[in-house]
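Let's take a walk through a protein model together.

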Amino acid sequence: MIKIFNLLILLFGLFSFASAQTVLVPEGVVYKPTSDVNNEKAKLILTEAISNNKPDSLFNGICYIGPILWRRYQKIDSLNVIKGGNIQFNVPIQNESNGITTTHKMSGKLIQTSNDFKKIWTQVFADLTGSLTFRKLSPSQLRYYWAVIFYDIQEPVFIVDNGTTKLLLQIVPRTYKILWIDEVY
């Protein structure tokens with residue numbers, strides 16, 4: 001009963017905070033908003049899957065693991081054994097001292113089986129322990145995401161933050177399955 005009560009309090013706070021956010025879309029980025037109802041449904045499904053460690057409800061055949069997250073995850077023995085799905089991303093990295101942006105090739109992963117997704121989700125679940133905040137992407141996070149993907153950014157898309165880890169989760173609008181997971185700063 002206490003777990004349900006805590007979940008309801010968490011959901012109320014998440015819904016009221018993220019619904020009130022506006023998205024500042026940088027020039028050149030294609031961003032398609034959805035209704036608050038669709039965003040709330042996606043958050044509810046994600047919260048349920050995160051709180052109860054239920055990856056099966058989130059996988060629909062493919063899931064991209066972005067280059068920043070894969071850089072960390074490929075060092076984990078249980079994830080490094082995932083065969084196939086190796087992909088390369090051209091990631092723009094800006095030099096903070098001179099402002100010059102260069103492109104670097106970075107590895108990512110295309111998850112194609114439910115068993116591999118469960119392995120990934122086990123680590124995501126471990127990364128997202130504690131109190132979670134759902135929010136919309138900042139302009140710099142939108143620029144990064146737009147630079148590494150090959151499709152338009154379409155809500156529901158969130159940053160899920162527990163204070164130490166910030167994961168970008170792209171949800172497929174009609175199925176509410178995860179298409180993309182990456183880490184952001």
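**A guided look at the fold**

You'll find Asn53 in the loop between helix H2 (36-52) and strand S2. Its backbone does something worth a look: phi is positive, about 50 degrees, although Asn53 is not a glycine. Tyr176 isn't a glycine either, and has a positive phi of about 60 degrees. This one sits in the loop between S8 and S9. Is Tyr176 buried or exposed? With a relative accessible area of 8%, Tyr176 is buried.

Now zoom out. Remember that this is a predicted model, so how confident is the predictor? The average pLDDT for the protein chain is 89, and 89% of the residues score at least 70. Residues 1-19 are another story: pLDDT stays under 50 there. The chain has 185 residues, and 44% of them are buried. Of the contacts with a separation of 6 or more, 67% link residues 24 or more positions apart.

Next, the sheet. Strands of a sheet pair through backbone hydrogen bonds, either parallel or antiparallel. Here, seven strands form an open sheet with mixed pairing, in the order S3-S4-S2-S9-S8-S7-S5. Strands S3 (86-94) and S5 (133-135) are at the edges with a single partner strand each, so one side of each has no neighbour in the sheet. On average, neighbouring strands in this sheet are turned by 25 degrees against each other, direction ignored. Look for S2 (residues 63-65) and S9 (residues 178-183): they run parallel and are joined by two bridges. Within S9, Trp180 is the bridge partner of Tyr64.

Helices pack here too. Helix H6 touches S3, S5, S7 (157-161), S8 and S9, and its direction makes about 140 degrees with that of S3. Helix H5 (residues 114-127) lies across S2, S4 (101-111), S8 (166-171) and S9, at about 40 degrees to S9.

Which residues of H6 (residues 139-148) are buried? They are Gln141, Leu142, Tyr144, Tyr145 and Val148. Looking down the axis of H6, you'd see these buried residues fall within an arc of 165 degrees, so they line one face of the helix.

One last stop: the peptide bond joining Glu155 and Pro156 is cis, with omega about 10 degrees. Pro156 lies in the loop between strand S6 (153-154) and S7.

Conventions: Residues are numbered from 1 along each chain as its sequence is written. This is a predicted model: local features need pLDDT of at least 70, side-chain atom pairs count only at pLDDT 80 or more; totals for chains, interfaces and linings use all residues. Side-chain values use heavy atoms; hydrogens and water are left out. Buried means under 20% relative accessible area, exposed over 50%, partly exposed in between (1.4 Å probe, protein chains only). Contact means heavy atoms within 4.5 Å. Helices (H or I, at least four residues) and strands (E, at least two) are DSSP runs, numbered from the N terminus. The arc is that of the directions from the helix axis to the C-beta atoms. pLDDT is the predictor's confidence in each residue, from 0 to 100. Two strands pair if DSSP finds at least two bridges between them. Axes are lines fitted to C-alpha atoms, for helices over the stretch in contact, and angles run from 0 to 180 degrees between N-to-C directions.
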